[in-house]
Amino acid sequence: MFWTIPTLMTWTRIVAIPLIVGVFYLNIPFAERNLIATVMFVVFAATDWLDGYLARKLNQASSFGAFLDPVADKFLVCASLLVLVHLQRADVFVALIIIGREIAISALREWMAQIGASRSVAVHMLGKVKTTVQMIAIPFLLYDGRLFGVINTPIWGTWLIWISAILTVWSMVYYLQKAIPEIRKRAK
């Protein structure tokens with residue numbers, strides 16, 4: 001089940017990364033670049049929900065898809081954060097917190113899987129909320145203007161990305177607390 005519709009949709013999030021980055025190298029006005037990058041991010045981020053729905057609906061869930069889905073999310077978020085830091089729309093400290101957590105928790109999950117304790121660090125609602133807040137903050141920061149003439153996206157995006165950084169740390173602590181008993185058992 002390597003080439004299923006849901007898996008292909010997951011691959012689109014990875015393919016989207018150079019496209020979103022490339023928009024900022026186009027010789028068009030910044031407002032248009034921002035709009036194109038924002039729309040692209042939102043469309044590709046929406047595939048995260050859609051691929052999971054389709055995998056269940058079409059009975060095409062696979063272990064490869066389950067592996068690739070969070071990897072694609074992390075790539076998309078991390079690449080977008082690096083673009084935002086480069087554009088000076090996100091603080092480098094926020095990017096370090098979020099990217100560092102993603103690396104640490106990915107490594108923890110891999111190690112827990114190797115010792116047969118992956119259930120202790122299974123995805124929790126806190127991690128889903130963190131991801132949702134990131135997926136709202138990033139397009140606000142990419143847009144970098146007034147949405148519908150009312151919403152100041154740089155301000156809202158900055159608040160939301162900092163909230164996501166707090167949720168990032170909180171979820172990391174949660175996963176570490178769940179893993180510590182298993183780690184202690186095997187440290188003896």
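Asp51 is buried in this predicted model, with a relative accessible area of 4%; buried denotes under 20% relative accessible area, exposed over 50%, and partly exposed the range in between, with a 1.4 Å probe and protein chains only. Asp51 takes part in a salt bridge with Arg13, in which the closest N and O atoms lie 2.9 Å apart. A salt bridge is counted where a side-chain nitrogen of Lys or Arg is within 4 Å of a carboxyl oxygen of Asp or Glu. Because Arg13 lies in helix α1 and Asp51 in helix α2, the pair ties together parts that are 38 residues apart in sequence. Helices (H or I, at least four residues) and strands (E, at least two) are DSSP runs, numbered from the N terminus.

The model is predicted, so that local features require pLDDT of at least 70 and side-chain atom pairs count only at pLDDT 80 or more, whereas totals for chains, interfaces and linings use all residues. Residues are numbered from 1 along each chain as its sequence is written, and side-chain values use heavy atoms, with hydrogens and water left out.

Arg13 itself is buried, at 0% relative accessibility. A salt bridge also joins Arg13 to Asp48, with 3.6 Å between the closest N and O atoms. This pair links distant parts of the chain, with Arg13 in helix α1 (residues 5-23) and Asp48 in helix α2 (residues 30-57), 35 residues apart. Through shared partners, salt bridges join Arg13, Asp48, Asp51, Asp69 and Asp73 into one network. In the whole structure, a search finds nine salt bridges.

Met9 is another residue of helix α1, and is buried at a relative accessible area of 14%. Contact is defined as heavy atoms within 4.5 Å. Not counting residues up to four places away in sequence, Met9 touches Thr47, Leu50, Asp51 and Leu54. The C-alpha atoms of Met9 and Gly65 are separated by 9.9 Å, although the two residues are 56 residues apart along the chain.

Gln134, located in helix α5, is buried with a relative accessibility of 2%. Apart from neighbours within four places in sequence, the contacts of Gln134 are Val77, Ile98, Glu102, Pro139, Ser164 and Thr168.

Most residues other than glycine have a negative phi. Gln88, which is not a glycine, has a positive phi of about 60°. Gln88 sits in the loop between α3 and α4 (92-114) and is exposed, with a relative accessible area of 72%. Asp144 likewise has a positive phi, near 55°, in a residue other than glycine. The position of Asp144 is in the loop between α5 (125-143) and β1 (146-147), and this residue counts as partly exposed at 33% relative accessibility.

At the level of the whole chain, the secondary structure comprises six helices and two strands, arranged along the sequence in the pattern α-α-α-α-α-β-β-α. The C-alpha trace spans about 60 × 35 × 25 Å along its principal axes.

Of the 188 residues, 43% count as buried. Among contacts in the chain with a separation of 6 or more, 72% are accounted for by residues 24 or more positions apart. The accessible surface of the chain amounts to about 10,800 Å², and 71% of this area belongs to carbon and sulfur atoms. Accessible areas come from the Shrake-Rupley method with a 1.4 Å probe; for residues, only the protein chains shown count as cover.

The chain carries 17 positive and 10 negative charges, whose mean positions are 9 Å apart. Lys and Arg count as positive and Asp and Glu as negative, while His and the chain ends are not counted. The place of a charge is taken as NZ of Lys, CZ of Arg, CG of Asp or CD of Glu.
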